[in-house]
Amino acid sequence: RKVASHLISVGAKRICCLLCKLSADSVHTRFAGVDAEVYRASGQHINVIEAKPNEIDVIQEGLAKYNPDAIVCSNDVAALSLSKTLAKLNVSIPEDIMLVGFDDVVEAGRMNPPLTSIRQPCFELATMAFRTLLERIDNPDLPPRQILLDTSLVVRESTSKRC
């Protein structure tokens, strides 16, 4: 939701998500949040380009079909790869398409232009996983549960405002 809210605030009107086949449930959850916020703000659902970020022909078809002005990738590695594919297609970031990733890996800040990304609380994730493991060891009959931790949006030049 943070990603979509940010993109909308900087003028994005046609937000797509790049989904690789057999993506983890967490990727689908991320994109569901993006979709929910876009729908809340505009009454429209996001479009999904199902491809690997380096599949130039499929990416080109998705760009032609949806004409996105912003693409949200499942993670920063996919966004970095997609940025290279977009460059081969003479698509400029952020002038033609804004780009966002997840994880805020070191390379995200080094990309040209630097990548807007969701930073995950890695230390807290590890701590919570360890605590949960200890609880499960002490009580193996605990029901499964989902634990959500807060993230932060790191805004960089890949989503420069165009309003």
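**Surface and pockets**

In this predicted model, residue F130 lies in helix α6, which covers residues 122-138. F130 also takes part in a feature of the surface: together with L133, L134 and I137, F130 makes a nonpolar patch of about 410 Å².

The largest pocket has a volume of about 710 Å³. Its lining comprises 20 residues. Among these, T29, R30, L148, L149 and T151 lie nearest the centre of the pocket. Which helix gives the most to the lining of the largest pocket? That helix is α2, with six residues. Helix α2 spans residues 25-42, and α1, spanning residues 2-9, likewise supplies at least two residues of the lining. When the lining of the largest pocket is sorted by class, 10 residues are nonpolar, six are polar and four are charged.

The second largest pocket holds about 200 Å³ of space. The residues that line this pocket are I8, A12, K13, R14, I15, V38, A41, S42, Q44, H45, I46 and N47. Here too α2 gives the most to the lining, in this case with three residues. By class, the lining of the second largest pocket divides into six nonpolar, four polar and two charged residues.

Terms used: Residues are numbered from 1 along each chain as its sequence is written. This is a predicted model: local features need pLDDT of at least 70, side-chain atom pairs count only at pLDDT 80 or more; totals for chains, interfaces and linings use all residues. Side-chain values use heavy atoms; hydrogens and water are left out. Patches are made of residues with over 30% relative accessible area and no salt bridge: like charges are joined within 9 Å, nonpolar side chains (Val, Leu, Ile, Met, Phe, Trp, Tyr) within 5 Å. Accessible areas come from the Shrake-Rupley method with a 1.4 Å probe; for residues, only the protein chains shown count as cover. A salt bridge is a side-chain nitrogen of Lys or Arg within 4 Å of a carboxyl oxygen of Asp or Glu. Helices (H or I, at least four residues) and strands (E, at least two) are DSSP runs, numbered from the N terminus. On a 1 Å grid over the protein atoms alone, a cavity is a set of points where a 1.4 Å probe fits but cannot get out, and a pocket is an open set with protein on both sides within 12 Å along at least five of seven lines; lining residues have an atom within 4 Å of a point. Grid points are joined across faces, edges and corners, and a volume is the space filled by probe spheres set on the points. Ala, Val, Leu, Ile, Met, Phe, Trp, Tyr, Cys and Pro count as nonpolar, Asp, Glu, Lys and Arg as charged, and the others, Gly among them, as polar.
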